[in-house]
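Subject: Structure handover

Hello,

Here is the structure you will be taking over. My notes follow below it.

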Amino acid sequence: MMADYLLFATERYGLPILQPLADALHARGHGVHALLAAGASGLRLPGPVRAVGVREAVRLRPRAVFSASNEVPTFVSGAKVQLFHGFNVEKRADGRGHFRVRGLFDLYCTQGPATTAPFQALAREQGHFAVTETGWPKLDPLFRDDGGAAAALRAPAAGRPVVMFASTFTERLSAAPHLFDAIAAQVAEGSRYWLLTLHPKCPPELFERYRSLAGANAAFVEPEQLVTAQRAADVLLADTTSVVSEFVVQHKPVVTFRNRAPKPHMIDFDDPAALPAMLARAFAPEPALREAIASYADAIHPYRDGRSSERVIEATEALLQAGLHTLARKPLAARWRALQIRRELGYWGF
């Protein structure tokens with residue numbers, strides 16, 4: 001049965017999460033529409049996704065709304081499905097971070113066992129949402145034919161090893177201000193090729209500094225190319241960004257600078273002068289490190305078939321077939337947040 005579905009994002013980094021799902025929905029013959037608000041306002045997903053405004057989204061009466069945000073417009077009809085905008089990287093305590101339940105969603109599509117079990121426990125306790133482990137749509141392109149996109153991004157390396165640098169925007173956790181000089185020295189040395197990127201919320205002056213390194217030994221990568229860059233790189237240098245987890249899923253080594261919660265699969269360090277030695281270790285990982293990487297990858301995202309989007313669609317349909325009435329009523333606090341979302345989106349039709 002063909003139906004209309006709505007995609008929702010409030011930040012630029014939500015688009016690569018939604019695109020594989022849009023492709024999967026379209027492949028099944030469904031109508032795919034996108035409501036992009038706040039930090040994603042004015043952006044577009046490529047056709048056949050149709051951009052809609054708030055009022056048109058309401059009139060659409062979609063079968064489901066898939067959100068790559070912490071929030072979702074509850075006044076739009078259909079099942080509200082949480083896709084998550086990143087992995088759990090322990091930036092905050094569980095109750096304020098990845099496992100915060102706001103009472104807005106009917107279904108949480110979790111990425112792997114490490115997050116499925118905690119959300120299932122919360123679902124049993126609260127009763128107003130369901131949980132299905134599907135894998136993360138954003139990572140589908142990591143495990144599918146990308147039409148040579150990663151190879152093209154890697155081509156300027158001309159056979160050299162490739163390092164990717166990514167950094168969070170959270171000021172107290174960001175490596176970007178601290179590692180610039182060390183990275184600039186490595187780029188100038190030229191024995192490795194660099195793919196540089198920053199979180200879209202990083203300060204403009206940081207973007208200017210890192211863009212200035214682009215040349216024969218480095219390229220600056222835009223957020224929409226993030227997954228392609230991860231596929232192209234051999235090693236990641238980062239901090240407490242969720243890109244660390246995305247990269248590790250490929251069973252590739254990661255070097256982290258002052259990670260908030262360092263783990264055995266990371267090569268963590270705190271002195272910028274140690275960067276060359278840390279990179280050398282990453283390019284020649286010992287067996288124990290390889291084992292830790294594989295173990296962590298299996299815990300957070302064991303799916304390497306590129307079909308997480310299809311599982312999200314199937315989980316949503318299963319919930320709809322069972323009926324949303326099988327879920328408990330949403331908490332009263334969620335009604336207040338729903339009103340705030342109406343105000344932010346400028347919609348007061350009831």
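Which residues have the most contacts inside the largest nonpolar core? They are Phe 165, Ile 183 and Tyr 210, in a core of 91 residues. Please keep in mind that this is a predicted model.

The cores

Helix 1, residues 15-27, gives the most to this core, with 7 residues. As background, nonpolar side chains tend to be buried together in soluble globular proteins.

Cysteines

How many disulfides does a search of the whole structure find? The count is 0. Cys 109 counts as buried because its relative accessibility is 1%, under the 20% cut-off. Cys 202, at 5% relative accessibility, also counts as buried.

A nonpolar patch on the surface

Three residues, Trp 336, Leu 339 and Trp 348, make up a nonpolar patch on the surface. Together they have about 360 Å² of accessible area. Leu 339 belongs to helix 12, which covers residues 332-345. With a relative accessibility of 35%, Leu 339 counts as partly exposed.

Salt bridges

The structure holds 17 salt bridges. In one of them, Arg 337 pairs with Glu 71, and their closest N and O atoms are 2.3 Å apart. This pair links distant parts of the chain, 266 residues apart: Arg 337 is in helix 12, while Glu 71 is in the loop between strand 4 (64-67) and strand 5 (79-82). Are the two partners buried or exposed? Arg 337 is buried, with a relative accessible area of 17%, and Glu 71 counts as buried at 18% relative accessibility.

Arg 337 also forms a salt bridge with Glu 344, where the closest N and O atoms are 3.1 Å apart. Glu 344 is partly exposed, its relative accessible area being 48%. Elsewhere, salt bridges that share partners join Arg 12, Arg 211, Glu 222 and Glu 224 into one network.

Another salt bridge brings together the side chains of Arg 231 and Asp 146, at 3.8 Å from N to O. Arg 231 counts as partly exposed at 26% relative accessibility, and Asp 146 is partly exposed with a relative accessible area of 23%.

Three further residues

Arg 28 sits in the loop between helix 1 and strand 2 (31-36). At 39% relative accessibility, this arginine counts as partly exposed. What does Arg 28 touch, not counting residues up to four places away in sequence? The residues are Glu 310, Ile 313 and Glu 314. Between Arg 28 and Met 2 the C-alpha to C-alpha distance is 7.8 Å, and the two are 26 residues apart in sequence.

His 265 is located in the loop between strand 12 (254-257) and strand 13 (266-269). Its relative accessibility is 1%, so His 265 counts as buried. Not counting residues up to four places away in sequence, His 265 touches Val 244, Val 248, Val 254, Leu 289, Ala 292, Ile 293 and Tyr 296.

Ala 315 is part of helix 11, residues 308-322. With a relative accessible area of 9%, Ala 315 is buried. Residues up to four places away in sequence aside, Ala 315 touches Leu 107, Thr 132 and Thr 134. The C-alpha atoms of Ala 315 and Glu 133 are separated by 8.6 Å, although the two residues are 182 residues apart along the chain.

Regards

Notes:
Residues numbered from 1 in each chain as written. Predicted model: local features only at pLDDT ≥ 70, side-chain atom pairs only at ≥ 80, totals over all residues. Heavy atoms only, no water. Core = buried A, V, L, I, M, F, W, Y, C linked by side-chain atoms within 4.5 Å. Buried < 20%, exposed > 50% of the residue type's maximum accessible area, 1.4 Å probe, protein only. Helix = DSSP H or I, 4+ residues; strand = E, 2+ residues; numbered from the N terminus. Disulfide = S-S within 2.5 Å. Patch = residues over 30% accessible without salt bridge, like charges linked within 9 Å, V, L, I, M, F, W, Y side chains within 5 Å. Areas by Shrake-Rupley, 256 points an atom, 1.4 Å probe, with all protein chains shown as cover. Salt bridge = Lys/Arg side-chain N within 4 Å of Asp/Glu carboxyl O. Contact = heavy atoms within 4.5 Å.
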